[in-house]
Amino acid sequence: MVSSLVIGIIFLVAGLGLRYWINRRKFYRRSDTGAEGFSSYESSVFIKFIERVGKWIAYALIIFGLLSLWVYSREKKDKEKQQQEVKTEQPAQR
């Protein structure tokens, strides 16, 4: 149960960090006029492709992290519900 919480937090932070890093690189690559500066056409195509793939990976990490946190919350609720059922059944058995 705790593993889904840890995995969820790690993946969520990693996804958000990757998105931040890609957007920061893109921001600092811009000139005063707003145009992105690349050394060549090939580097422009390659870097934009890698950043696009990186953003999709970041989205997947964020979604997986959120799903893991949701699974953790569901497991926690189920465990609490089972504990309450056990507590209510014990006095009736005596």
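Let's start with tryptophan 56, which counts as exposed because its relative accessible area is 61%, and the cut-off for exposed is over 50%. This is a predicted model, by the way. What does tryptophan 56 pair with, ring to ring? Its partner is tyrosine 59: the ring centres are 5.7 Å apart and the planes sit at 75 degrees, so we call the pair edge-to-face. The count of aromatic pairs comes to 3. Tyrosine 59 itself is partly exposed, because its relative accessibility is 37%.

Both of these residues belong to helix H2, and they are 3 residues apart, so about one helical turn separates them. Remember that an α-helix has 3.6 residues a turn, so residues three or four places apart point the same way.

Now, the UniProt record. An unreviewed entry there lists residues 6–22 and 56–73 under "transmembrane region". How much of residues 56–73 is helix in the model? That stretch is 100% helix and 0% strand, with its end C-alpha atoms 26 Å apart. Residues 6–22 also come out as 100% helix with 0% strand, and there the end C-alpha atoms are 24 Å apart.

Zooming out to helix H1 as a whole, we have 27 residues, running over residues 2–28. At 1.5 Å a residue H1 should span 39 Å, and since its end C-alpha atoms are 39 Å apart, the model agrees with that expectation. Buried positions in H1 include Ser4, Gly8 and Leu12, along with Gly15 and Ile22.

Setting aside neighbours within four places in sequence, serine 68 is in contact with Ser4, Ile7 and Gly8.

Okay, on to the charges. As a reminder, side chains of opposite charge can pair when their charged atoms come close. How many salt bridges does a search of the whole structure find? It finds 4. Arginine 25 forms one with glutamate 51, with the closest N and O atoms 3.9 Å apart. The cut-off is 4 Å, so this pair is within it. That pair joins distant parts of the chain, since arginine 25 is in H1 and glutamate 51 is in H2 (residues 41–93), 26 residues apart.

Glutamate 51 has another partner, arginine 29, and here the closest N and O atoms are 3.0 Å apart. This one is also a link between distant parts of the chain: arginine 29 is in the loop between H1 and H2, 22 residues away from glutamate 51.

Are these residues buried or partly exposed? Glutamate 51 is buried because its relative accessible area is 9%, and arginine 29 is buried too, at 14%. Arginine 25, at 37%, counts as partly exposed.

Then there's arginine 30 with glutamate 36, a salt bridge at 3.5 Å, N to O. Both ends are partly exposed: arginine 30 is at 39% and glutamate 36 is at 21%.

Put together, Arg25, Arg29, Arg30, Glu36 and Glu51 are linked in a network of salt bridges. That's my tour, so let's open it up.

Definitions and conventions:
Residues numbered from 1 in each chain as written. Predicted model: local features only at pLDDT ≥ 70, side-chain atom pairs only at ≥ 80, totals over all residues. Heavy atoms only, no water. Helix = DSSP H or I, 4+ residues; strand = E, 2+ residues; numbered from the N terminus. Expected span 1.5 Å × (residues − 1). Buried < 20%, exposed > 50% of the residue type's maximum accessible area, 1.4 Å probe, protein only. UniProt positions renumbered as here; feature names shortened; annotations may be inferred. Salt bridge = Lys/Arg side-chain N within 4 Å of Asp/Glu carboxyl O. Phe/Tyr/Trp six-rings, centres within 6.5 Å; stacked < 30°, edge-to-face > 60°. Contact = heavy atoms within 4.5 Å.
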